[in-house]
Amino acid sequence: MALQGPIPVTFDMVFPHGCYVVGEVEQVKDFDSSTNGRFVQARDKQTGELVWQVAVMDADPTLKPAQKTVAVKILAPVQPVPPAPTAGLPFTPVEFDGVTVTPYVNQAGRLAYSIRVREMRAPRSGGGRAAAQAKDAA
């Protein structure tokens, strides 16, 4: 089969309504290499890059509250910095580049997706599917 490993997708495919940073950027623990008292940060199996994660809130109004917050894993040599907060907003809007999803079956036996990205940045003004949808609605 041609599809093996992470599946490349666009930010707009995963978050068509946008998303917001709602947590701190944290190191992801390598559970196999870490021991009691010794933390080892996870590395991506394909690239060898360090793995970080940040909690984001999906702005899709149709999602149930329990589905709104997801962890996005960021592959980067140093800790990524979220965009600067936007005045007047309670959460910081964010977009990601180099997005991939990896499907898996979670502990409840349901299909889930691991989201990995290469870069975190402030949203581009006037671009993307969410902006086009907002224009169409106006």
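This is a predicted model: local features need pLDDT of at least 70, side-chain atom pairs count only at pLDDT 80 or more; totals for chains, interfaces and linings use all residues.
I started with strand pairing: E4 and E5 run antiparallel and are joined by 7 bridges.

I found Val 51 standing opposite Leu 75 in E5.

Then I followed E5 to its other partner on my list. E5 and E8 run parallel, with 3 bridges between them. Here I noted Lys 73 opposite Arg 116 in E8.

I stepped back to the whole chain. I counted 3 helices and 9 strands. From the N terminus on, I read the order as β-α-β-β-β-α-β-β-β-β-β-α.

On to the core. Which residues touch the most other members of the largest nonpolar core? I got Val 54, Val 56, Val 72 and Phe 96, out of 20 residues in that core. E4 gives the most, with 3 residues. Nonpolar side chains in soluble globular proteins do tend to be buried together.

I zoomed in on Phe 96. Leaving out residues up to four places away in sequence, Phe 96 touches Phe 11, Cys 19, Val 54, Val 56, Val 72, Val 117, Glu 119 and Met 120.

Last, some totals. Of the 138 residues in the chain, 31% are buried. I put the accessible surface at about 9,100 Å², with 55% of that belonging to carbon and sulfur atoms. For contacts between residues at least 6 apart in sequence, 62% join residues at least 24 apart.

Definitions and conventions:
Residues are numbered from 1 along each chain as its sequence is written. Side-chain values use heavy atoms; hydrogens and water are left out. A nonpolar core is a set of buried Ala, Val, Leu, Ile, Met, Phe, Trp, Tyr and Cys residues joined through side-chain atoms within 4.5 Å. Buried means under 20% relative accessible area, exposed over 50%, partly exposed in between (1.4 Å probe, protein chains only). Helices (H or I, at least four residues) and strands (E, at least two) are DSSP runs, numbered from the N terminus. Contact means heavy atoms within 4.5 Å. Accessible areas come from the Shrake-Rupley method with a 1.4 Å probe; for residues, only the protein chains shown count as cover. Two strands pair if DSSP finds at least two bridges between them.
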